[in-house]
Amino acid sequence: MNIYTLHVGQGQFVVITGKSDAVIIDTLLPATLKEGETHVIGALAKILAGKKLVGVIVSGFDDDHFCDIGVKTVMNKYRPDWVMYPRTYKPTKAASACFKTIEDLCESKNLMKLSIDLKDEKDPRFYNNISHDFAFEVFSPHKDDMTSSNNSSIVCKVKETATGATYLITGDTEIPRWNKIVRLFKSKLKSDVMAAPHHGSKNGITADVMKYVSPETVIISAGVDNAYKHPNVEAIHVYKAHAPKVYSTNIPKGQSIHTVADGQTVKSNVYEG
Ligand SMILES: [Fe+2]
């Protein structure tokens, strides 16, 4: 499994690829490219060459994850089969805009909608037939804990079926929701690679989360000199106490990160494009 965490500033754009399939997680396209940020369209042309983009996962509705231009560009150019997104939300302006775009795209592109709310017992937690290369296990969101857009984020483990390599999508999930997830799922959360929740915010991580996810590698997606001062120093301490390797897109001056997980080892390097 290849995991490309593209440096797009304060937000997220991740591409994962297997032998034949690819999946995009979040679609922030920077309005103007700052030094150190990756030209996403150019990177996609290289990363997706010879691959089929099967799906797009929108981990959350806020505009650092769901970017209208980004998702439309990806959908129009690469025509995936499905889009996965959180169902439960407060009707904020950002969430309503996101839903309208998804509805419009699903109608015009014949996309399959995978709208996730674990409170709805009809919603499966496992998606094993939406990719040749990857299986998906969902841990969040749940309507009862939808206390904010952050806590409506998708938390989902992507497993490469050929190798067993795993990557945990975490969105902007915060501690109150994590406490429930950990209590319910414990070691089911175990993953080789973890996206740092909420860009390395200290309100997105606990020692318990790290104990159960127990990743080899944590990857933070954050902007250089961002206003939130992500990643937080205390959060990095928590990551490093449980994970041998921690990388960030905003350290030292902006870098995209290419991670290869083969089920045995995890290796990360700067993605040069
Ligand atoms: Fe975010």
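Trainee: Where is the place of P252?

Mentor: Welcome! Keep in mind that this is a predicted model. P252 is joined to I251 by a cis peptide bond, with omega about 0°. Most peptide bonds are trans. As for its place, P252 sits in the loop between β13 and β14.

Trainee: Which loop holds P141?

Mentor: P141 also takes part in a cis peptide bond, with S140 as its partner and omega about 15°. The strands to look for are β8 (residues 134-140) and β9 (residues 155-160), which pair in the antiparallel sense over six bridges. P141 lies in the loop between β8 and β9.

Trainee: What is the bridge partner of A135 in β9?

Mentor: Strands of a sheet pair through backbone hydrogen bonds, either parallel or antiparallel. Here β8 and β9 are antiparallel. Across from A135, the partner in β9 is K159.

Trainee: Which are the edge strands of the open sheet of seven strands?

Mentor: Follow the order of that sheet, β7-β8-β9-β10-β11-β12-β13, in which the pairing is mixed. An edge strand pairs on one side only.

Trainee: Which residue in β14 is the bridge partner of Y4?

Mentor: Start with β1 (residues 2-5), which is joined by four bridges to β2 (residues 14-17) in an antiparallel arrangement. On that side, T5 has V14 as its bridge partner. Four bridges also join β1 to β14 (residues 256-261), and these strands run antiparallel too. In β14, the partner of Y4 is H258.

Trainee: Why do the buried residues of α6 line one face of the helix?

Mentor: An α-helix has 3.6 residues a turn, so residues three or four places apart point the same way. In α6 (residues 233-242), the buried residues are A235, V238 and Y239. Seen down the axis of α6, they line one face because they fall within an arc of 100°.

Trainee: What covers the buried residues of α6?

Mentor: First set aside the face turned away from the buried side, where V233, E234 and A241 are exposed. Then look at the buried side itself. The elements covering the buried residues of α6 include α5 (207-213), β12 (217-220) and β13 (245-248).

Trainee: How many Å apart are the end C-alpha atoms of α3?

Mentor: Helix α3 (residues 93-109) has 17 residues. At 1.5 Å a residue, α3 should span 24 Å. The value in the model agrees with this, so the end C-alpha atoms are apart by 24 Å.

Trainee: What covers the buried residues of α3?

Mentor: The buried residues are C98, I102 and L105. They cover an arc of only 70° around the axis, which puts them on the same side of α3. On the other side, exposed residues include K93, K100 and E103. The cover over the buried residues includes α2 (68-78) and β5 (82-86).

Trainee: Is R79 buried or exposed?

Mentor: R79 is found in the loop between α2 and β5. Its phi is near 45°, a positive value in a residue other than glycine. With 12 C-beta neighbours inside 10 Å, R79 counts as exposed.

Trainee: And is H199 buried or exposed?

Mentor: H199 is in the loop between β11 (193-195) and α5. Although H199 is not a glycine, its phi is positive, about 60°. Its C-beta neighbours inside 10 Å number 25, so H199 counts as buried.

Notes
Residues numbered from 1 in each chain as written. Predicted model: local features only at pLDDT ≥ 70, side-chain atom pairs only at ≥ 80, totals over all residues. Pairing = 2+ DSSP bridges. Helix = DSSP H or I, 4+ residues; strand = E, 2+ residues; numbered from the N terminus. Buried ≥ 20, exposed ≤ 12 C-beta atoms within 10 Å, placed from the backbone. Arc of directions from axis to C-beta. Contact = placed C-beta atoms within 7 Å. Expected span 1.5 Å × (residues − 1).
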